[in-house]
Structures are given as structure tokens and as C-alpha cells.
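Trainee: I would like to go through this structure term by term and hear the grounds for each label.
Mentor: Ask, and I will set each value against its cut-off.

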Amino acid sequence: MVKRLATAMLVVALLIAAGWYGWQLGPWADASEEYSVPIDFASLELGSSPNQYLIAPADATPRAKPDAESPVFGVPPERLRDAFSAVVAEAPRTKLLGQSDHGMRQSLVQRSAVFRFPDYIDVSVLPAGGDGSTIAIYSRSRFGYSDMGVNRRRVEDWMTALQRKTALR
């Protein structure tokens, strides 16, 4: 009798955990305005956990110190936006959640392969004088304290691919 009760309690606990997992990580979780509206980099303040990474031009984030400074690309902002969109299109498990009218600001989600944990990425393509442009990218995990460098690697990989794509044109 005790064994059956323990088994039943375990099944209930697993069902509750699976329900929470599905509710928190299902595709409907990305529909909230908190993640689908591109952020304003001018008012961005970083959290205290290391599960985030910011690359931006020096003056784009006055309230947040970037982890790295974004380079200036020798292409107009529209071309940089299109190249970035091509990079994102090649990224696995990545979805556009929202964007500004001209697509210069975007909100994205990329999910981990196994557990589908979401990382949210905000992007802003900015003019950089003349025919140049630059980009600000803020990538962060929704859950957990540490991401073992996932957000940093993502941004660095995307920047490498972006540099290749803008050099090819």
C-alpha cells in the first residue's frame, strides 16, 4: 500500500513538473510583450548574473557597459540589417519575435537543442557616419544564473558570420 502511494505521488510530481516545463518553455511563452518588443539600448541596464552578453558601440548604451565594442562595418545600415537577417536565418532554433517598422531593431529567441531553454536576443543596427554602420546585440538567458558562456559564443559567432557576409558583398 505504501509503495503504491509513493508511486502515485511520484507520478503526480512528475506530471506537475512536466506541466510547469511545458507552460514556461512552450512557444506561447515567447508571445509576451516583454520579449517580443525590441528593447531600447539607450535605457538598457544589465542584471547582476553572468548569463548575458552585450556588444555595442561605446555610446549606444549609456547605462550599461558593453562586454565588447562593436566594430564599424563599411556598409550602409540597410545592408548590415540584411546581412544580419541572413546570419539569423542560418542559426538553428532561432525565431524572430518582433521588429521595428524598418527592421533596424529586432527581438529574437534561440532555444537550446535538448531542453528548449529560451535565450532572448535584442539587436539594433545603427548608422556610424558616412556609409558605415554598426550593431548592438544583447543576448541573455531567461532561466538560470550561469549560461556557461553560451550567450557570448552566440554573439561572437554571429559577429564573425556578419563580418564574412559584409565582406563578400
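Trainee: What makes the contact between the side chains of Lys 165 and Glu 90 a salt bridge?
Mentor: First a caution: this is a predicted model. The N to O distance for Lys 165 and Glu 90 is 3.0 Å. The cut-off is 4 Å between a side-chain nitrogen of Lys or Arg and a carboxyl oxygen of Asp or Glu, so the pair is called a salt bridge. Lys 165 belongs to helix 4 and Glu 90 to helix 3, and the two are 75 residues apart.

Trainee: Why is Glu 90 called exposed?
Mentor: Its relative accessibility is 55%. Exposed means over 50%, so Glu 90 takes that label.

Trainee: What label does Asp 82 get, and on what value?
Mentor: Asp 82 has 38% relative accessibility. Buried would need under 20% and exposed over 50%, so Asp 82 is partly exposed. Its side chain meets that of Arg 81 in a salt bridge, 3.1 Å from N to O. The structure holds six salt bridges.

Trainee: How do you know whether Asp 122 is buried or exposed?
Mentor: The relative accessible area of Asp 122 is 2%. The limit for buried is under 20%, so Asp 122 is buried. Asp 122 forms a salt bridge with Arg 140, with the closest N and O atoms 2.7 Å apart. Asp 122 is in strand 5 and Arg 140 in strand 6, so the pair ties together parts 18 residues apart in sequence. Arg 140 has 12% relative accessibility and therefore also counts as buried.

Trainee: In what sense do strand 5 and strand 6 run, and how many bridges join them?
Mentor: They run antiparallel, joined by nine bridges. Two bridges are enough for strands to count as paired, so these two qualify. Pro 127 has Ser 133 in strand 6 as its bridge partner. The two strands form a hairpin with five residues between them, and Gly 129 in the turn has a positive phi of about 80°.

Trainee: What makes strand 5 "mostly covered"?
Mentor: Eight of the ten residues in strand 5 are buried. Strand 4 gets the description too, with six of its seven residues buried. For the chain, buried residues make up 43% of the 169 residues.

Trainee: Which residues form the nonpolar patch on the surface?
Mentor: Val 114, Phe 115 and Phe 117 form it, with about 320 Å² of accessible area together. Phe 115 lies in the loop between strand 4 (105–111) and strand 5 (118–127).

Trainee: Which residues have the most contacts inside the largest nonpolar core?
Mentor: Phe 84, Ile 135, Ile 137, Trp 158, Met 159 and Leu 162, in a core of 22 residues. Strand 1 (52–56), helix 3 (77–90), strand 5, strand 6 and helix 4 each give two or more residues to this core. A second, separate core has nine residues, including Phe 41, Leu 44, Leu 54 and Ala 60.

Trainee: What does Trp 158 touch, leaving aside its neighbours within four places in sequence?
Mentor: Its contacts include Phe 84, Val 87, Val 88, Leu 108 and Ile 121.

Methods:
Residues are numbered from 1 along each chain as its sequence is written. This is a predicted model: local features need pLDDT of at least 70, side-chain atom pairs count only at pLDDT 80 or more; totals for chains, interfaces and linings use all residues. Side-chain values use heavy atoms; hydrogens and water are left out. Buried means under 20% relative accessible area, exposed over 50%, partly exposed in between (1.4 Å probe, protein chains only). Patches are made of residues with over 30% relative accessible area and no salt bridge: like charges are joined within 9 Å, nonpolar side chains (Val, Leu, Ile, Met, Phe, Trp, Tyr) within 5 Å. Accessible areas come from the Shrake-Rupley method with a 1.4 Å probe; for residues, only the protein chains shown count as cover. Helices (H or I, at least four residues) and strands (E, at least two) are DSSP runs, numbered from the N terminus. A nonpolar core is a set of buried Ala, Val, Leu, Ile, Met, Phe, Trp, Tyr and Cys residues joined through side-chain atoms within 4.5 Å. Contact means heavy atoms within 4.5 Å.
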